[in-house]
Amino acid sequence: MPKARDKCRPRIIGGMPVEEISSLMQGFAIALTPYNLMLMFIGILLGVIIGVLPGLGGANGVAILLPLTFTMPPTSAIIMLSCIYWGALFGGAITSILFNIPGEPWSVATTFDGHPMAQKGRADEALTAAFTSSFVGALVAVILITFLAPLVAKFALKFGPAEFFAVFFLTFASFIGMGKGTPFKVIASMCLGFALGAVGLDKMTGTLRMTFGHEELLSGFDFLIAVIGLFGIGEILLSMESGLKFSGSHAKLQFNAVLLTWKKLPRYWATSVRSCIIGCWMGITPGGATPASFMSYGLAKRFSKNGANFGKGEIEGVIAPETAAHAAGTSALLPMLALGIPGSPTAAVLLGGLMIWGLQPGPMLFVEQKDFVWGLIASMYLGNIVGLIVVLTCVPLFAAILRVPFSIIAPVILVICAIGAFTVHNSMFDVWLMMMFGVMGYLFQKLGYPLPPLVLAIVLGDKAEEGFRQALLGSQGSIAVFWSNPLVATIMGLGVLLLLMPVFSWFKERNAVGKTASANS
Amino acid sequence: MSCHLLVASIVSHYRSSEPTTTDKSHVRKGLKRATAAEGKVGSMKMHPVVSRAFAIAAAAAVTSAMTLTTASAQAWEPAKPVTFVIPAGTGGGADQMARFIQGVITKNNLMKQPMIVVNKAGGAGAEGFLEVKKGNADPHTIIITLSNLFTTPLATGVPFSWKDMTPVAMLALDQFVLWVNSESPHKTAKEFITAIKDGADKTSKMGGTGSKQEDQIITVAMERVTAPKKMTYVPYAGGGAVATQLVGKHVDSTVNNPIEAVSQWKAGALRPLCIFDDKRSTYTEKVTKDQAWSDIPTCKESGVDVQYQMLRGIFMSPGVKPEQVAYYVDLFKKVMATPEWKKFMEDGAFNQTFMVGDDFKKWVETNAKTHYDLMKEANFLAPGQ
C-alpha cells in the first residue's frame with residue numbers, strides 16, 4: 001500500500017501527463033472489447049429513452065437498471081451505467097426543444113431558446129446545436145478528469161457552506177434583470193419560487209414547514225412535477241388557445257441539417273469556452289449541472305451581441321446551457337470517484353453500485369482500482385462519441401415528430417407528462433399538482449411573468465437556504481463569513497456585481513436619454 | 001447480458017403494477033381503495049365508475065385468490081415484485097445497505113420475484129413509513145429503518161410509530177465514531193473534550209446528518225460531558241457530505257458511521273478518536289497501515305460516557321401473516337450467509353447482531369423509550385409529543 005501511494009504522489013504534485021496517457025491507453029484497451037462496445041450502444045439507447053420520458057430521469061433510470069449489471073464484471077457494468085447517464089443527458093434536450101418539456105432539471109434552460117427555435121421550424125438546427133454542444137462540454141470535462149483528477153478534486157474540499165451559498169447567489173444574481181419584463185416581475189416570480197421551495201421539511205431544524213397537516217406535502221413540491229406542469233402543460237394550453245397547431249409543423253425536413261448547423265457553430269466559440277469553464281467548475285465544486293446550465297445561459301445572454309434576442313430562438317441560447325450542463329454532469333463524476341461525494345443524484349446511485357461490486361469509492365479508488373477507474377474514464381470518451389453518433393443520426397426523425405398533427409400529439413404528450421409526474425412519487429396527487437402547475441404556467445405567460453426565475457428558485461432555493469443557514473450557524477451569526485476568505489469573497493463579489501448590473505445599465509440609459517432629450521430641446 | 005434480457009426486465013417491471021387475478025394483495029388493496037373512494041365524496045384517488053368496476057373485478061378475484069390460499073397455506077412466497085422502501089435519500093447509509101441487499105439477492109437468485117428499491121425520503125422519512133403503515137397487510141412491501149423510525153415522529157409530529165408496523169428482523173447495528181481531521185492536535189477523545197471545555201462556548205463545530213436525528217442526539221449527549229460549554233451542531237444533507245466537510249476543515253468533528261468515513265480514514269485525511277459502543281469493535285484486520293477498527297477505544301474508556309448505535313432493521317406493513325414474516329426472515333438469513341454480506345459488514349465495521357421475533361420487538365421497545373427520553377431532554381419534541 002505505501003508503495004502504491006508513493007507512486008501516485010508525483011502525479012498530484014508535478015502533474016506530468018505521461019503516466020495519465022499510458023493509463024488512459026490501457027483504459028481504452030479495457031473498454032474497447034466488442035462486449036463493452038455493445039453495452040455502450042445499449043446503454044446510450046436506453047439512456048436516450050429515459051431522458052426523453054419526463055419524470056423517469058437519469059437517476060431513476062440508472063437505479064432501475066442497476067440490478068441488471070450485478071452479474072457483469074464491475075468495469076463493464078459501470079461502462080453501461082455511465083452510458084445510460086450520457087444517453088439521458090442527451091435525451092433530456094429532445095423533449096425540451098420539441099415540446100418545451102424538460103425531462104431533466106438541467107434541460108430547463110435549453111427550453112428558453114430551443115423551443116422557440118422549434119416553433120420557427122428550426123427544430124433540426126436546435127437539436128444539432130444541443131447535441132454537439134453537449135458533446136463538446138462532456139469532452140472538455142473528460143479531458144479535465146483525465147489529467148487533473150487528483151489535483152482538481154482537492155479544490156472541491158475548499159467548499160464549505162459559505163462557498164456553496166455564494167455559488168447559488170451568483171446563479172440567482174445572473175438571472176435578475178435578464179427576463180423579458182421588468183426586474184420586478186423577475187423578483188416576484190423568484191420569490192414565489194422560494195416560497196414553493198420552502199414547503200416540506202426544514203432540514204436545519206428538522207420540523208415541517210407549510211404542510212398544513214397534509215401528508216402529500218411532506219416532501220414539498222417536487223421540481224420535476226412543477227416543471228412538467230409549468231412548461232409542458234402550460235405550453236399545450238397556450239397552443240390550444242392559438243388554434244390547435246404546432247407552429248413548427250411547417251418545417252421542411254433537411255437531411256443535411258446537421259452539416260449546415262455545424263458550419264454555423266464555430267462562430268460561437270466564445271460562448272462555448274465560457275460555458276465549458278462554468279460547467280466544469282460547477283460540476284467539480286459540486287454545484288451541479290442545473291445551476292451550471294442556468295448560470296451559463298444567464299451569462300451568455302449578458303455577454304452575447306444578440307443578448308436582446310435571447311428567448312426568441314437564438315442558437316447561442318441553446319449552446320450555452322447544453323455545453324455547461326454536460327460539462328458539469330460529466331465532471332460531477334470526478335468528486336464521486338476521487339472523494340466519494342456524489343455531485344448529482346445519478347452519481348449517488350452509481351456510488352451505490354460501486355459498493356456492490358466491492359469497490360470503495362473515495363480517495364483510494366484511483367490507487368487501488370486503476371483498471372476500473374481508467375476503464376471508466378476511457379468509456380467516457382467512447383460513450384460520448386457513440387452517443388453523439390446515435391443522436392445525430394436521429395435528428396431528422398426527431399424533427400419529423402413535429403409534423404404529426406397537434407390533435408394527435410397533444411394527448412400523447414399529456415399522457416406522457418401525467419405518467420412522468422406519477423412516477424416521481426407513485427402518487428396520483430402529483431398528477432393533479434402537475435395540472436395545477438400547468439394552469440399556473442399558462443397564467444404566468446399571459447400576464448408576462450417569466451417562468452425561469454420561478455423554476456430556478458424551486459430547484460436551488462432550499463439548497464441556497466441550507467448553505468446560508470449552515471454558514472451562519474458556524475460563524476455564530478456573523479454575516480462576515482461570506483467575505484471571510486478570498487474564494488468566497490470573490491464569488492460573492494461577482495454575484496453582487498452581476499446583481500447591480502441592471503441598475504448600472506438603467507442609469508446609463510437614463511443619462512443617454514436625458515442627454516438626447518436636452519440636445520433636442 | 002443481452003438487449004433482450006434488459007427489455008424483458010423492464011417490461012416485467014411495468015407489468016408488475018397491473019393487477020392480476022392470482023394476486024391477493026393487489027386485490028385487497030383494490031377493494032380497500034374502492035370502498036374508500038366510494039365512502040369519501042370527492043376523493044381524488046379514484047373515479048366512482050372506475051372504482052365500481054375495480055370492486056367487481058376485485059370481488060371476483062378474491063374468490064379465486066381464497067382457493068389459492070388454502071392450497072398453499074404453509075410456505076408463503078411473494079407473488080409479485082417486492083418493493084423495498086428506503087425512508088432516506090440516495091447515497092446515505094440506509095440507501096447503500098438496501099441497494100446492497102438488492103444486489104446480493106439478485107446476484108445469488110435468492111428470490112424468484114424481482115426486488116424494487118424506492119427512496120421515500122420526504123419529511124425526514126415520514127413519507128416511507130406512512131406508506132408502509134397504510135399498506136394494510138401488504139406482504140410485498142418491506143422497509144429498512146434508520147433512527148428516524150424513532151426520531152421523525154417525535155420531532156415532526158407526523159403520526160406514525162414503530163407499533164404501526166410489523167417488526168421483521170434486526171440486520172445489524174450501525175456504529176458511530178467520533179472523527180476529527182488528521183491535522184487536528186487532538187489525539188484522544190479526552191483531549192478533544194478538554195479543548196472544548198477550555199475554549200470559548202459554542203466555537204467547536206460538529207457536523208452531522210439531518211436535524212434532531214441521531215447525529216445531533218449524540219452531540220447533545222456529549223454536551224453532558226463538555227458542560228457547561230456547548231458545541232455548535234451544523235446539519236448537512238448526508239453522511240458523505242459531512243465527512244467531506246471535515247476533510248475540508250469546515251467543521252471540527254463529526255460522528256460519522258464507519259462506512260461514511262472509512263475511505264477518508266484509509267487515505268489519512270481523518271482520525272478516529274473513539275467509538276460510541278460499550279465494547280470495542282471485533283474487526284481486527286488492519287484498515288490503515290497501523291490501525292484496525294478494534295484499535296479505536298470506546299468513548300467510555302476515554303472518559304466520554306456516551307453510547308449510541310443505530311438500528312438497521314426491516315419492518316413490514318401491519319397485519320401481515322406470520323408465514324409472510326417468516327419468509328423474509330429466512331430470506332435475510334440467506335443474505336447474511338453470503339460472503340458479500342460478510343465483507344460489507346467488515347467494511348462498515350457493523351455490530352453484527354441479528355434479532356427476530358419477540359427479542360427484536362423488545363429491543364425496539366426499549367430503544368423507542370431511550371430515544372424519547374433523549375429527545376425530551378434535548379428539547380427536540382414537536383408540540384404535542
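Visitor: What share of the residues in chain A is buried?
Guide: This is a predicted model. Of the 521 residues in chain A, 60% are buried.

Visitor: How many helices and strands in chain A?
Guide: Chain A has 23 helices and two strands.

Visitor: What about contacts in chain A with a separation of 6 or more?
Guide: Residues 24 or more positions apart make up 78% of those.

Visitor: Zoom in. Where does Ser134(A) lie?
Guide: In helix H7 of chain A, residues 123-157.

Visitor: Is Ser134(A) buried or exposed, and why?
Guide: Ser134(A) counts as buried because its relative accessibility is 0%. The cut-off for buried is under 20%.

Visitor: Which residues does Ser134(A) touch, leaving out those up to four places away in sequence?
Guide: Phe90(A), Glu322(A) and His326(A).

Visitor: New topic. How many disulfides over all chains?
Guide: One. Cys274(B) is joined to Cys299(B), with 2.1 Å from S to S. The link is right-handed, with 85° about the S-S bond.

Visitor: Where do Cys274(B) and Cys299(B) sit in chain B?
Guide: Cys274(B) is in strand E9, residues 270-275. Cys299(B) is in the loop between E9 and strand E10 (310-316).

Visitor: Is Cys274(B) buried or exposed?
Guide: Cys274(B) is buried, at 0% relative accessibility. Cys299(B) is buried too, with a relative accessible area of 0%.

How values were computed
Residues numbered from 1 in each chain as written. Chains lettered and ligands numbered in written order. Predicted model: local features only at pLDDT ≥ 70, side-chain atom pairs only at ≥ 80, totals over all residues. Heavy atoms only, no water. Helix = DSSP H or I, 4+ residues; strand = E, 2+ residues; numbered from the N terminus. Buried < 20%, exposed > 50% of the residue type's maximum accessible area, 1.4 Å probe, protein only. Contact = heavy atoms within 4.5 Å. Disulfide = S-S within 2.5 Å.
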